Amino acid sequence: PSPVDGRINDYFMSTIDQKLYRKTSDTAWAYLGTFGGGNVMDCPADGKQYIRINGNWVVFPYPAIPENDGIRYFMKNGKWDAFLSYDVAVVASTGECDFAKGQWFILDGTKSLPLTLKNMPAAGRGCVVMMTFTGKGGTMTWPSGVKWSGGTVPTFGDTRTLLTFSWDGSVLMGSLSQSY
């Protein structure tokens, strides 16, 4: 992989030499090892799912993944469970919002902060980010290119202000979600 590919903690597997890497910084990839040999074409063709353990094909020990019904599933206690909701890390910040560390940031709205956004998804990828500001009175320096709903930066509430940002792969849009 090249230095500009991926985000911190992303994995990359070369299909040419089967080498596996993990991104460890903004520009560095760590080599983790090489996948072993073997030919997937020698797997039994009897309709069952197999995995290779110690060079031998064995029946995959988990139930089949549910049919494609538009729901994402994950394995929990040996069974497939529906992924219907999730929680995200809430990160205290002094102005730097690193998307590799979380998607919800708590900031002091009483201080003047230059806000920076790190590790945003690449073009063609999207996300939603929340920023909670405690108090008001500070002057925020927003990253260039933020497009505000209504055309202006929202006014902060006295105690808490929640801003919602959506990134669609090319434009970062911000709006007031709640305040009091």
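Reader: Is Asn-9 buried, partly exposed or exposed?
Author: Partly exposed, because its relative accessibility is 44% and that class lies between 20% and 50%. Bear in mind that this is a predicted model.

Reader: Where is the place of Asn-9?
Author: Asn-9 sits in the segment before E1. Its phi is positive, about 80°, although Asn-9 is not a glycine.

Reader: What about the phi of Asn-119?
Author: Asn-119 has a positive phi too, near 55°, and is likewise a residue other than glycine. You'll find Asn-119 in the loop between strand E12 (116-118) and strand E13 (127-134).

Reader: Buried or exposed, that Asn-119?
Author: Buried, because 15% relative accessibility is under the 20% cut-off.

Reader: OK, sheets. What order do the strands of the open sheet take?
Author: The order is E1-E2-E3, 3 strands with antiparallel pairing. E1 (11-13) and E3 (29-34) are the edge strands; each has a single partner, so one side of each has no neighbour in the sheet. On average, neighbouring strands here are turned by 25° against each other, direction ignored.

Reader: How many bridges join E2 to E3?
Author: 5 bridges, with E2 covering residues 19-23. Across that pairing, Lys-23 stands opposite Trp-29 in E3.

Reader: And E6 with E7, in which sense do they pair?
Author: Antiparallel, over 5 bridges; E6 is residues 72-76 and E7 is residues 79-83. Lys-76 faces Lys-79 in E7.

Reader: How many residues lie between the strands in that hairpin?
Author: 2 residues. Asn-77 in this hairpin takes a positive phi near 55°.

Reader: New topic. How much space lies in the largest pocket?
Author: About 260 Å³.

Reader: Which residues line the largest pocket?
Author: Among them are Val-4, Arg-7, Asp-10, Phe-99, Met-120 and Cys-127. The lining divides into 6 nonpolar, 3 polar and 3 charged residues.

Reader: Last one. Where is the place of Ser-93?
Author: Ser-93 is in the loop between strand E8 (90-92) and strand E9 (96-98). Ser-93 is buried, because its relative accessible area is 10%, under the 20% limit.

Reader: What lies 2.7 Å from a polar atom of the Ser-93 side chain?
Author: The backbone oxygen of Glu-96.

Conventions. Residues are numbered from 1 along each chain as its sequence is written. This is a predicted model: local features need pLDDT of at least 70, side-chain atom pairs count only at pLDDT 80 or more; totals for chains, interfaces and linings use all residues. Side-chain values use heavy atoms; hydrogens and water are left out. Two strands pair if DSSP finds at least two bridges between them. Helices (H or I, at least four residues) and strands (E, at least two) are DSSP runs, numbered from the N terminus. Axes are lines fitted to C-alpha atoms, for helices over the stretch in contact, and angles run from 0 to 180 degrees between N-to-C directions. On a 1 Å grid over the protein atoms alone, a cavity is a set of points where a 1.4 Å probe fits but cannot get out, and a pocket is an open set with protein on both sides within 12 Å along at least five of seven lines; lining residues have an atom within 4 Å of a point. Grid points are joined across faces, edges and corners, and a volume is the space filled by probe spheres set on the points. Ala, Val, Leu, Ile, Met, Phe, Trp, Tyr, Cys and Pro count as nonpolar, Asp, Glu, Lys and Arg as charged, and the others, Gly among them, as polar. Buried means under 20% relative accessible area, exposed over 50%, partly exposed in between (1.4 Å probe, protein chains only). A polar contact is a pair of N or O atoms within 3.5 Å; within protein, one must be able to donate a hydrogen and the other to accept it, and residues adjacent in sequence count only if both atoms are side-chain atoms.
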